[in-house]
Amino acid sequence: MRIRTFEEYQTAYKQSVDDPEGYWAEVAQQFQWKKPWKRVLSWDFNEGRTKWFEGGVLNVTENALDRHLEVRGDQAAIIWEPNDPEDSSVTITYRVLHERVCRFANVLKKYGVKKGDRVCIYLPMVPELTVAVLACARIGAIHSVVFGGFSAKSIADRINDAACTLVITSDGAYRGSKVIPMKDTVDAALVTCDTVQKVIVMTRTRTPVSMLKGRDLWWEEEVKHVDSICPAEPMDAEDELFILYTSGSTGKPKGVVHTCGGYMVYATYTFTNVFQYEPGEVYFCTADIGWITGHSYIVYGPLCSGATCVIFEGVPTYPDASRFWQIVEKHKVNILYTAPTAIRSLMSFGLDYVKNHDLSSLTKLGSVGEPINEEAWQWFKHHIGADHCPLADTWWQTETGGIMIAPLAGITPEKATFATLPLPGVQLALMDENGQELEGNGVSGNLCVKFPWPGIVRTTYGDHERCKQTYFSAYPGKYFTGDGCLRDESGYYRITGRVDDVLNVSGHRIGTAEVENAINMHLGVVESAVVGYAHDIKGQGIYAYVIAEHEPDDAEMFRKDIAATVSRIIGPIAKPDKVQFVTGLPKTRSGKIMRRILRKISEGDTGNLGDTSTLLDPNVIEEIRKGAL
Ligand code: 6R9
């Protein structure tokens, strides 16, 4: 399963294309199955249907927990770092985690949760979140984790879409200097949810909450009265493991469904190979378990690999911008997996926050979630990775279940801002506007995948037609990612951004991410967001919202500078027509810029901005609206 050299990667890739079933069967054999599969793969991309390891019976938690007890029962599975650095961190061994999962699984059972039932989990980044997720998997309940920052309405929509019968939450959450009421938010959500029968509340902040008789239960109390042994429910490889709603840029969120066998195999395979995980290494992924990155690379991938994983409750800038570096130093983190948005944010605070920390434990870095711009890539590599840590820019999606394109750390030659090469089993196709596959190198097109991999989305919950339409209809017979992509002369891949954000300026197609990348190269720029707006002559013009390092003395001059920078890096066609200086950008809680809103403002259509409930800070909109050009 482990690839150790570039030659091995090439051999594995070739084998995975020549004989995909043979390849993945070999990988899957290294897991613990209760019963072997009858058929490795059956698929029909016209219908958007894929099945892996059909007939195989397993329980993912036996692979994530039980399997390790003999060899590494006393090894740390989780090192939990709380929000406040003054509070002590907590280490949980595989043995203890196993017991906690079993106990909590028995609590769920006691309240009637059965295989196939849906359980909504709305918790902060505490170890109980991992416990809750795995407890569901233990008994075959389908978890639907809702990110702890979502509103009551978002929670209710998700609960109702999946008809969840039980909700797991906490009294409150600490996030930086804030205490966030979680139970109150759940209470507000449940007013419109009829299917929920029980709510289990974990104590974190001791925020006063109202507990409803007959419905609400305290976690701490319940786990005392159950057995510490819970047999793992036998699951078919294609039984549903979880639902995760994607923050859709349009329409209502989709419940992406992943199943037990293929997802487990793929998340684990990609974790060990991309990060080249070695036993004993301390791995720190800064994502929230509420997103796919947390599911695959905080819970399932690392635990199935027997890794030691740091879970961080807080935010990168509390109490100050050195928090990540302090955690790295304190826990001697070897592998750090984070997001460009975090890197850019921390960059903007300057190097003083980095300098006083010993980062020498770091051996590998990773990035995920959005295209990483050159400046952030270099800063991360140089200032955090001391130029010697490999940096894996990992491209993938909620729908792919695991990493699809990335260098294998230290093995695949890197290229700044490129996700580099597809992992074994990932057969990419770049499509032109006529639906034809682009052959050869030095081409850009819409990124598709033409053959199933074990982690592929199985359906969108309760609405398979939507799955078919969204992912399998644009290019018949292919899975369409929604991303634009460049394959350079050497065959390396670089994601240019969502194609819904690709602009067409005077007939030239320009990726918004590309323009942003260029603008961000300007010394005075912290971050930017680019959208297209209707332009009489060019079809679309380029509108840039720019966060400057300092308020510019001469805004006109600065605009020209930015245009000149873009012109130099991409070409004059990519020069922004309008540059508006702002102090913040409308971002979703996962750090993605909501271009839909910026597009509307740039079009002067500020009346109805649509749903802004997923924004991290809705206040930024007013400022941008006022300053619109
Ligand atoms: C894992 C995750 C998926 C979308 C994807 C793409 C963007 C993610 C990226 C990247 C460029 C990377 N994206 N990783 N773009 N380089 N390394 O983020 O899943 O939240 O579903 O987002 O994020 O546009 O299509 P998800």
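Leaving aside residues up to four places away in sequence, Ser296 touches Tyr263, Ala267, Gly301, Pro302, Trp396 and Gly401, where contact means heavy atoms within 4.5 Å. The model is a predicted one, in which local features need pLDDT of at least 70 and side-chain atom pairs count only at pLDDT 80 or more, while totals for chains, interfaces and linings use all residues. Residues are numbered from 1 along each chain as its sequence is written, and side-chain values use heavy atoms, with hydrogens and water left out.

Ser296 belongs to helix α10 (residues 292-304); helices (H or I, at least four residues) and strands (E, at least two) are DSSP runs, numbered from the N terminus. Ser296 counts as buried because its relative accessibility is 0%, the cut-off for buried being under 20% relative accessible area (1.4 Å probe, protein chains only). Its side chain also makes a polar contact with the side chain of Tyr263, at 2.7 Å. A polar contact is a pair of N or O atoms within 3.5 Å; within protein, one must be able to donate a hydrogen and the other to accept it, and residues adjacent in sequence count only if both atoms are side-chain atoms.

Turning to helix α12 (residues 340-347), 7 of its 8 residues are buried, namely Pro340, Thr341, Ala342, Ile343, Arg344, Leu346 and Met347. Their cover includes the helices α11 (323-331), α14 (374-384) and α16 (512-520), along with the strands β18 (335-338), β19 (364-368) and β29 (525-535).

As for confidence, pLDDT (the predictor's confidence in each residue, from 0 to 100) averages 93 over the protein, and 97% of the residues score at least 70.

Definitions and conventions
Buried < 20%, exposed > 50% of the residue type's maximum accessible area, 1.4 Å probe, protein only.
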